[in-house]
Amino acid sequence: MTAKGGTHAVEIAITCPKCQGEGSFKTWDCIDTDKNPELRERLLHDPMLFFYFCPKCFSRIRIDAPCLYIDRGREFMVWLVPDTNMEMNLGELRDFFGAGDYENYCCRMVRSWGEWREKIIELESSYDDRLYEFIKYGAFHLLKEEEKKQFYLPAYHVEYAEDNEKNDELALIFMKNDEDKSTYSYPISKNMLEISNDIFQPLMERIPELSGKGAFQRYDYDWAQMVIDHLLSAAMGASGNDKDSLKKIIVLWFQGLGKEIFGADIEPHKD
Ligand SMILES: [Zn+2]
């Protein structure tokens, strides 16, 4: 394999699953946004970008192919790897992309297009992307059970709050299960980011595996849930009074989240 070193187009042979007709799909296996900012625009705003239209039966087929997205200016990479059996590391990055010093890059791995664009938006912010995952999990967790059922969890995501895409001004987007697919947008305030940073950053710093650099990690909703559950059950090595204070801090964080996101006093509840 020759190292790509930048944006790289590929053509994939496609056999239509509906009519068995042959065709090909032009896409990319690497997008370098500094060189091709127009591809960032398309990736973020064109949901049809990864659909193949069969020229014979006109079926629309989603193409799930791996693609590495790199933002050199902000020093991050997000590798879309749809195959759930595949993991990526720096060695594979060097083989694929070329030799270089990537130690300072935030490297993330995602499994779907939706997750990909969400992660890019989070990483364009000046805050740690994982704080958004905590806030995302925390806000959904605050909903009552009957409210949770009204929303479609896979469509729940972090997005730019406004069309002008100001960094650090992101929002939580909820989509209802109703016919209209009504969406609700709740801005994530700077205050909430600062509070979350103060609470979670020191906890993450204690765990070397969470340095967030140099390895392609997957930090998503499920990950945030796992960490918060661990913190609540104080399984992070704390003892005695430390346990109680850690729990108190997390409970206070949930309460702050309810106020900041929903503008309401919502008590965290047990599932
Ligand atoms: Zn077809």
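Student: How are helices α3 and α4 oriented to each other: parallel, antiparallel, perpendicular or oblique?

Tutor: In this predicted model, helices α3 and α4 are oblique to each other. Helix α3 covers residues 113–124, and its axis comes within 8 Å of that of α4 at a crossing of roughly 120°. On the α3 side the contact is made by E118, K119, E122 and L123, and on the α4 side by D129, Y132, E133 and K136. By class, this contact of α3 with α4 has six charged residues, two nonpolar ones and no polar ones.

Helix α4, residues 129–142, has a further partner in helix α6, residues 190–205. Here the axes are 10 Å apart and the packing angle is about 110°, which makes α4 roughly perpendicular to α6. Helix α4 contributes R130, L131, Y132, F134 and I135 to this contact, while α6 contributes M192, L193, S196, N197, F200, Q201 and M204. The residues of the contact of α4 with α6 divide into eight nonpolar, three polar and one charged. Y132 of α4 takes part in the contact with α3 and also in the contact with α6.

Apart from neighbours within four places in sequence, K136 is in contact with E118, Y156, H157, V158, L172 and Y221. Of these partners, E118 belongs to the α3 side of the contact already described. H157 and V158 fall within the range of strand β8, residues 157–160, and L172 falls within that of β9, residues 170–175. The C-alpha atom of K136 is separated by 14 Å from that of Y152, which is 16 residues away along the chain. L142, also in α4, is buried as well, with a relative accessible area of 3%. Between the C-alpha atoms of L142 and I228 the separation is 13 Å, although the two residues are 86 residues apart along the chain.

Most residues other than glycine have a negative phi. E165, in the loop between β8 and β9, instead has a positive phi, near 50°. K181 likewise has a positive phi near 50°; this residue sits in the loop between β9 and β10, the latter being residues 183–187. K181 counts as partly exposed, at 47% relative accessibility.

Elsewhere in the chain there is a metal site. The zinc ion is coordinated by the SG atoms of C16, C19, C54 and C57, at 2.3 to 2.4 Å. The angles among these four donor atoms are 105 to 112°, and the site is tetrahedral. Along the chain the donors follow the spacing C-x2-C-x34-C-x2-C. C19 lies in the loop between β1 (8–15) and β2 (22–32), and C54 in the loop between β3 (51–53) and β4 (60–62), so this pair ties together parts that are 35 residues apart in sequence. C54 is buried, at 2% relative accessibility, whereas C19 is partly exposed, with a relative accessible area of 33%.

Definitions and conventions. Residues numbered from 1 in each chain as written. Predicted model: local features only at pLDDT ≥ 70, side-chain atom pairs only at ≥ 80, totals over all residues. Heavy atoms only, no water. Donors = N, O, S within 2.8 Å, 3.2 Å for Na, K, Ca; no water. Tetrahedral: all angles 85-135°; square planar, octahedral: opposite > 155°, others 65-115°. Helix = DSSP H or I, 4+ residues; strand = E, 2+ residues; numbered from the N terminus. Buried < 20%, exposed > 50% of the residue type's maximum accessible area, 1.4 Å probe, protein only. Axes fitted to C-alpha atoms, helices over the stretch in contact; angles between N-to-C directions. Parallel < 35°, antiparallel > 145°, perpendicular 65-115°, else oblique. Contact = heavy atoms within 4.5 Å. Nonpolar A, V, L, I, M, F, W, Y, C, P; charged D, E, K, R; others polar.
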